[in-house]
Amino acid sequence: MFVFLNQKQMQQVILLGFLTILFSLSSLGQLLVDKNNFTLKDSLRGGLRPERTCYDVLHYDLSVSVFPSEKFIIGNNIITFKAVEDFNRLQLDLFENLMIDSIIYEENTVNFERIYDAVFIDFCDKILIGDTAKINVFYKGHPIVAKNAPWDGGFVFSKDNNDNDWIGVAVQGDGASLWYPNKDHLSDEPNLGADIRISTPKHLMNVSNGRFIGKQTIGEDQIEWHWRVNSPINNYNITLNIGDYVHFSDTFQHLSLDYYVLRDNLERAKKHFEQVPSMLACFHEKLGYYPFPKDGYKLIETPYLGMEHQSAIAYGNNYKQGYLGTDLSSSGFGLHWDFIIVHESGHEWFGNSISAGDIADLWIHESFTTYTEAIYVECTKGKKAGQTYLNGLRQHIKNDRPMLGSYDVNHTGSGDIYYKGANMLGTIRNVINDDELWWKTLLDFTETFKHKITNTVEVIDFFETAFPELMLPTIFYHYLTELHPPRIEIKRSGLGYSARWVDVHPGFEMPIELIFKNKNIRVSLDTGWKKLPFKSLRNRPVEMNEELFYVERK
């Protein structure tokens, strides 16, 4: 599933880049420095060169043998693709520390060239538009070992309490080519899913994405575990989990719930995972039915904190409520549920079903998913509690650089895509000021973009279409490209008061709720001075309702 931009979308992307530069000069200092430091390697990883856009991946058939004591892998990936234009050269990706033994096309070895992590394959005969073909890439090596997964990418080779090998992999930012050959760009997911065959020492089990197909003995001391994903899937979501696992299961509204945990933690897990159905009930109501019913829902205990691996969520929160036993919001409401279960499950809707085509737009994954935490609090504790939780997350906002990254160089925006992004969405909900319409729009959004790859322009267009009377694009773009939230300036004007937005994009307009004499008054402001609907002989304070709007006062 490869996504192309039409002419209008391309023009909007160019405009977005122009807006980012024009209206964020102060914030873009660091970003421009970062861009000056981008290299050919970054462009090969993040760009859509002709060698990438010429074909659309249909399916991966990945086989990998893992040797824990040597921290070594041997594998091959059969990549089925369709030509979207005539070509005789294409680009795959595989980290340069992994050796390619050979690449087979139509039973013949083909030539290839490696430039950093890019692999350029040359075909003797031109592959014609509409043709479907397969290549089989054989490789081996010592994959990168993560120093602190999931924040840096790589394998995790660990041991459980019984000294059994316990292995996982997390590669969201670095890319799946860290451990297997693929077209490593978010704009292309295999339309028909993937088969994943992982061989492990015979006393261990592997759990991967999708449905378990079967296992077979390989030689004297290995077992191959075969899993199949029936839906399109991000490359970085394809995963393996090797350990001394035991399995138990449940169902929720005909959806299979499967849990794979370390043997010693079976009883703890059975009790702790009882919260999953209530979470799914909340998300089904607010976001629509679980987007991957054919592949099922799984939690898999991992030797790292967590990751949103599609239909195979990595769980490493040590069976604690909150985030490793703490409340990220400091509100108290974050200690009534397991952060990893809720957050990573939220990614099944935002990030896995609705996916960004460039990692520069990763806010689409993380802002909406962080907002699902507040959704769950609202479902279980009420609307005010959800807002209080969301407000509590503001303490982690850094306002260090824009939430949008640089395109085509595998560059993400600020870490503010989590907490600032979620508060942006909370603010927009209060700008709309109609909860029934907000929830309907969110449901429409998840359904419209289900199993689709999208971008910032399309997402903002969707919300603008839903609320044409509001200036939502300028609100989105301000939060995404400026270091600071919108700033309001209030001044005394005779016996009354006037207010305006400052340090915002031209054309910025947004309603705000002000508090005067203990009364809440909603007014719509732009960049021009506007008289406020109250007067006083004394210079009484005018406050902003910062609980509902993430803004600043100048």
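**Close-up views of charged side chains in a predicted model**

View 1. Asp 444 and Lys 440 sit 4 residues apart, about one turn of the helix, and both belong to helix H11 (residues 435-448). This is a predicted model. The two side chains form a salt bridge, with 2.9 Å between the closest N and O atoms. Asp 444 has a relative accessibility of 33%, so it counts as partly exposed. Lys 440 is also partly exposed, because its relative accessible area is 48%.

**View 2. A salt-bridge network of four residues.** Glu 378, Lys 383, Arg 429 and Asp 435 belong to one network. The salt bridges that join them share partners.

View 3. The side chains of Arg 89 and Asp 122 meet in a salt bridge, 2.8 Å from N to O. Arg 89 is in strand S3 (residues 87-93), and Asp 122 is in strand S7 (residues 118-127). The pair therefore ties together parts that lie 33 residues apart in sequence. Arg 89 is partly exposed, at 24% relative accessible area. Asp 122 is partly exposed as well, at 29%.

**View 4. A buried salt bridge pair.** Lys 183 and Asp 188 meet through their side chains in a salt bridge. The N to O distance is 2.8 Å. Are these two residues buried or exposed? Both Asp 188 and Lys 183 are buried.

**View 5. A positive patch on the surface.** Four residues form this positive surface patch: Lys 517, Lys 519, Arg 538 and Arg 540. Lys 519 belongs to strand S26, which covers residues 519-525. Why does Lys 519 count as exposed? Its relative accessibility is 57%, and the cut-off for exposed is over 50%.

**View 6. The whole chain, for orientation.** The secondary structure consists of 13 helices and 29 strands. The C-alpha trace spans about 90 × 55 × 40 Å along its principal axes. The radius of gyration is 25 Å. A compact globule of 554 residues would have a value near 24 Å, so the chain agrees with that expectation. Buried residues account for 61% of the 554 residues. How many salt bridges does a search of the whole structure find? The search finds 24. Among them are Asp 444 with Lys 440, Arg 89 with Asp 122, and Asp 188 with Lys 183.

How values were computed
Residues numbered from 1 in each chain as written. Predicted model: local features only at pLDDT ≥ 70, side-chain atom pairs only at ≥ 80, totals over all residues. Heavy atoms only, no water. Patch = residues over 30% accessible without salt bridge, like charges linked within 9 Å, V, L, I, M, F, W, Y side chains within 5 Å. Areas by Shrake-Rupley, 256 points an atom, 1.4 Å probe, with all protein chains shown as cover. Lys, Arg positive; Asp, Glu negative; His and termini not counted. Charge placed at Lys NZ, Arg CZ, Asp CG, Glu CD. Helix = DSSP H or I, 4+ residues; strand = E, 2+ residues; numbered from the N terminus. Buried < 20%, exposed > 50% of the residue type's maximum accessible area, 1.4 Å probe, protein only. Rg over C-alpha atoms; globule rule 2.2 N^0.38 Å.
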